[in-house]
Amino acid sequence: MMKKKITTLFILFAMTLGSCKLDPIADPNNPSVASVTANASRNQLQSLVTGLETRSREYLFNAATAFGTFGREIWYFNSADSRNIQFWLGQGGRKPDANFYGVFTAYAAPYQTIKQANVLISAVNNTQAVSDIEKQSYIGFALTIQGYQYLIPANSQYKSGIRIAVSDELNPGNFVSYENALKAIRNVLDSGYKALAQAGNTLPFRLTAGYSNFSTPAGLAKVNRALAARTAIYQQDWQGALDALSSSFFDLNGNLNAGPAHIYGAPPDGFNPLYYLPDGSFSGVPVVHPSLVADALPGDKRVTEKFFLRKQPLINTVGAVPLSSQYQDKRWAQNTSPIPYIRNEELILIYAEAKAQLNQPEDAIAAINRIRSAAGLTPYNGTKDTPALITEILFQRRYSLWFEPAGHRWIDLRRYNRLNEIPVAQDQGSVFTQLERPADEVNWDIYKENR
């Protein structure tokens, strides 16, 4: 039942506190949350911040590979278990059902991160070790991470809805609709932004190099607004997206790769989960969907920059339909390369989309041409009507945001009712609109009704 599942997640969270320098407690082998939420020291708060940043990346591999497969950005060849390719592609009528084969981490990990953020906020609110102004930095960072993490299950569950009220893991709130979830996420991000605006000029805690250009309250506020802009386009709040961009790190002429990133390293830290040795032979490798190469415009530098041409194709031999790809991911120089989770390139495309939807085509085309120029393409020469511009923007998003953690292609085509554009002829699969509500969640609701 979900009670057991949530308790398990809570225990996993408690284990992360083992690296904290805890005050004396009754059972040192089982540190309690109370030991860091009452009169926490600065060192304990730092441990919670570090743990939160580390935990915030745990969704990435499952979310990226599953959502990337749904949108046919990749095929995920796991020769050790054919269910990944068969269930995720919907071959033979299969689907990632309520038992959540292969995708549960993309649901559970964000909620574990949300829980840890709540613990950090509780610890900050119940200590005298930091000033009131410093507290706003911790709270603003925690709420910014929470807002991002809520988006992951919200976009995978879609009309199935998600829980927002989860501060009491043994008595979570009801499921809310996708629309209400997005409203709640915007509120979480807005609260985080307000806290960061009241946080002074310096952070009282350390973040990794993934935030090296955002390591002040003002810097984190820019990350917060970037995430708010992403959320706004999911809501079709075009002016809201532009307003958020104006306070983010959006820069039409700036570095396309600017943005915060998940950091990886050698053990005991984890390696970059999307790195694979070029031309290696693997079990469980994401390969570039052949349609990306076939549909690319001549001279598009993103193809050669992101896709590695192998000497021999990788072949899926255990699925229902034989599949092969000549290309693998080329974006990561080594197994410790950081993975950005939102970049200026996406913000420029958000700007273009919002401007197109607000019937400001010249601004939209200027942003489109910034992306096309960077990719080595000639300027846009299509019509200036909104439908044509949106088609162009979605095409550019397909290559600029390929196989990024948020799973853009699947979500983009769904929000424009274009899921029928996802190519399924080669894999003989189907396209999902959303994932089913996890069986453990359903069982938990039944348990609540009958207890």
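Let's start with Ile315. Ile315 sits in strand β6, which covers residues 307-316. Keep in mind that this is a predicted model. Is Ile315 buried or exposed? Ile315 is exposed, because its relative accessible area is 52% and the cut-off for exposed is over 50%. What does Ile315 touch, leaving aside neighbours within four places in sequence? The contacts are Phe77, Leu323 and Ser324. Now compare the chain with space. Ile315 and Lys95 are 220 residues apart in sequence. From C-alpha to C-alpha, Ile315 and Lys95 are 22 Å apart.

Next, two residues with positive phi. Take Arg72. Arg72 is not a glycine, yet its phi is positive, at about 55 degrees. Where is Arg72? Look in the loop between α4, residues 60-70, and β1, residues 74-77. Arg72 has 2% relative accessibility, so Arg72 counts as buried. The cut-off for buried is under 20%.

Now Asn359. Here too phi is positive in a residue other than glycine, with a value near 60 degrees. Asn359 lies in the loop that runs between α13 and α14. Is Asn359 buried or exposed? At 59% relative accessibility, Asn359 counts as exposed. So we have a buried Arg72 and an exposed Asn359.

On to helix α15. Helix α15 has 15 residues. From first C-alpha to last, α15 reaches 20 Å. That is close to the 21 Å expected at 1.5 Å a residue. Which residues of α15 are buried? Among them are Leu389, Ile390, Ile393, Leu394, Arg397 and Tyr399. Think about helix geometry for a moment. An α-helix has 3.6 residues a turn, so residues three or four places apart point the same way. What do the buried residues of α15 pack against? Their partners are α9, α11, α12, α13, α14 and α16.

Let's look at one of those partners, α16. Helix α15 covers residues 386-400, and helix α16 covers residues 408-415. The two pack at an angle of about 165 degrees, and their axes are 9 Å apart. That angle makes α15 roughly antiparallel to α16, because the cut-off for roughly antiparallel is over 145 degrees. The crossing of α15 and α16 is left-handed. Which residues meet there? From α15 come Leu394, Arg397 and Arg398. From α16 come His408, Arg409, Asp412 and Arg415. By class, this contact has one nonpolar, one polar and five charged residues.

How values were computed. Residues numbered from 1 in each chain as written. Predicted model: local features only at pLDDT ≥ 70, side-chain atom pairs only at ≥ 80, totals over all residues. Heavy atoms only, no water. Axes fitted to C-alpha atoms, helices over the stretch in contact; angles between N-to-C directions. Helix = DSSP H or I, 4+ residues; strand = E, 2+ residues; numbered from the N terminus. Parallel < 35°, antiparallel > 145°, perpendicular 65-115°, else oblique. Left-handed = near helix turned anticlockwise from the far one by under 90°. Contact = heavy atoms within 4.5 Å. Nonpolar A, V, L, I, M, F, W, Y, C, P; charged D, E, K, R; others polar. Expected span 1.5 Å × (residues − 1). Buried < 20%, exposed > 50% of the residue type's maximum accessible area, 1.4 Å probe, protein only.
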